[in-house]
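Please consult the sequence and the model shown here.

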Amino acid sequence: MEPLTSVNCSAIECTSLSTSAPIWQDILAQAMTGELLAAMNYTSLSEMCEDPAEIADALEHSECERGHAAAFAAEGRKIGVDVANNVDAKHWKRLREAFLRCIAERDFIGCLIVQEIMLESFAVASYSRVGKVAPGSLGKTFARIAAEEEDHVDHAMSILRAERARDAQRFDDKVYRLHLDVMTTLAQMLAKECTDGHCEVCHASCVKPSLFDVSLSAAELRGASLQQYLKTLDILGIPGEATLTWVTQLPV
Amino acid sequence: MGDSVAGLATLARTIDVDFALIGHQESWRAAADVLAVLRGPERTPLPDDEIKDILPWIPPRAVCHVDVRSIVRTKSGGAKARGIYIDSFIPPDRLEAAYVHENIARVRSAAACAIKAGAKIVSLGGFSSILIEGNFDQLPERHDTVFTTGNTLTVAFIVQGIKKMCALEGRNLSRSTLLIVGATGDVGSGCARCLAPIVRRVLLSARNVERLRKLAAELEADGIQVEIATDLQQFSAEADVVICAASLASPSLLLGRIAPHAIVCDAGYPKNLSPSAEMLGATVFFGGLGQVTGGMRFAPDFHGILNRHPFPDVVHGCLLEGMALALEGRFEPFSQGRGSITQERVDEMETIASRHGIYLAPLYNADGPVEDAPHCQMECSRG
């Protein structure tokens, strides 16, 4: 990796980033891939919707996610790294397929559960953690995007709570079914070590063991993500003892 | 698996909750066992390092439903109360003062769960009451939910345990020198008020000398001879009856100089006595425990996991107080902390508990039962 300079980067910041840039490169790549996948999901959702307002809403969200991906790419450029993305990487591909199954079933609520409850819990929690430790504009960008994603979740929550109020049992069963599919994949992604081969997003070897060098850890990102997920399910009104069982049964 | 999870969710929605018990695990082994039950027998238990990574992130929440039965018979059978056990998921190695704000937030969050579940009375188990003691205003806004520390019934069972052990050992309590470690706490001071009038001499130990002096003055006003010290080595006499009721984050107490063949009640949660404490000749038992003779049921089945005792249906007094009050239909903040436990209140709580078949548990220690207990042997033989 070349030494890094940027007009937005202080001398101290650049010195610290020059050694950790490969780590940030992989963190940014995972984040960018997630944002592009979210953009694709919202585009797919817009194609399923019939209500013009819902279509516009989904397209707006899609654009917003693309904007986030662009912001992460820009942060990479600031520290002198190319931020790759791979929505076909094995875990991300499975997450996309889970969403597309909801699309195929024309299951609008299912789509919201996958994207807003499960994937966004992961995004909000992990971006927030990264935002706290990443230096300069990199940290600010992660924190800003975490806040924006949280707004997305708030928007979806009102729809989902209304849906649950109609038939709680049916709603909870649906969430559990999607949990088994989506959260199992996310749990594998978030495992402390990638024991099932390369994730196909990191540019070289797995970034997880190096996260300690930037005051992060895979365990912390997983813990924060699952905590955010549980809290989101609490807000939806799903009994906490049920969701606790769901989460403890995930693979590690 | 899907059915059982869906069933659990349905259960949570349809059952009225009389009481809630807020607790936490005192060891990583206990925490691992709780997670293993939740994870189910068909899955590999989580490795210890994963448990230590995951548990601190779990927000407080209900873990299981608890039904408790009274021995009082009604037309429809035994009276019963329904409740939930809420774990605050305070990590066992984070009970120290450094984590106090984080832990208070956890207890507040657990309390919010109890309120949301509609519990009429909530018992604060272990460190939960220590964290909130005297600061009930720090709990979330309540509607029809009251909180009790449960310490009055804990004191009752400690005192009963001391008397029983003295009887078993053929000791005359009135000739004993009583030492209470953690004497100024809610439980310690309650024990002092109950036992000081019936022993020969009283030694009180705690960290805060001002609070020690205040308690001593209160007892001395009733003509009781009291000696206080912040350091156990400073006492002029050796105690032959000892109650350990200090709020210690881990079992670390070394008693040092006590009488040969002393009776020692470890009433801490977590336990007070260090595993390395030399207790040669002493008879140690775990105090503050009661047994529900009407029976208890957990859903999912946490029998022997949440109540890790060598006897069936044994529970800490602090949690049993909420259950007893629920069975009695007395939804009131019976124990509010900060040293307000008196002999009269202990008598009242004992009466309520015994009316519903909640009695002192058979005495035991880390090595097993310390008295003949036929139903323990039966339980052990069941495997």
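The following sections describe a helix pair in chain A and a sheet with its packed helices in chain B of this predicted model.

## Helix pair in chain A

Helix α3 (residues 90-104) of chain A and helix α4 (residues 108-133) of chain A have axes that come within 7 Å and cross at roughly 150°. Because angles over 145 degrees count as roughly antiparallel, α3(A) and α4(A) are roughly antiparallel to each other.

On the α3(A) side, the contact is made by Leu95(A), Ala98(A), Phe99(A), Cys102(A) and Ile103(A). Helix α4(A) contributes Gly110(A), Cys111(A), Val114(A), Gln115(A) and Leu119(A). Classified by residue type, the contact of α3(A) with α4(A) has 8 nonpolar and 2 polar residues, with no charged residues.

## Sheet in chain B

In chain B, 3 strands form an open sheet in the order β14-β12-β15, with antiparallel pairing. The edge strands of chain B, β14 (314-316) and β15 (358-360), each pair on one side only. From one strand to the next, the twist averages 40°.

Strand β12 (residues 289-292) of chain B is joined to β15(B) by 3 bridges, and the two run antiparallel. Within this pairing, Val292(B) has Ile358(B) of β15(B) as its bridge partner.

## Helices packed on the sheet

Helix α6 (residues 151-169) of chain B packs on the sheet and touches β12, β14 and β15 of chain B. The direction of α6(B) makes about 45° with that of β15(B).

Helix α9 (residues 317-328) of chain B also packs on the sheet, touching β12, β14 and β15 of chain B. The direction of α9(B) makes about 100° with that of β14(B).

Note on methods. Residues numbered from 1 in each chain as written. Chains lettered and ligands numbered in written order. Predicted model: local features only at pLDDT ≥ 70, side-chain atom pairs only at ≥ 80, totals over all residues. Axes fitted to C-alpha atoms, helices over the stretch in contact; angles between N-to-C directions. Helix = DSSP H or I, 4+ residues; strand = E, 2+ residues; numbered from the N terminus. Parallel < 35°, antiparallel > 145°, perpendicular 65-115°, else oblique. Contact = placed C-beta atoms within 7 Å. Nonpolar A, V, L, I, M, F, W, Y, C, P; charged D, E, K, R; others polar. Pairing = 2+ DSSP bridges.
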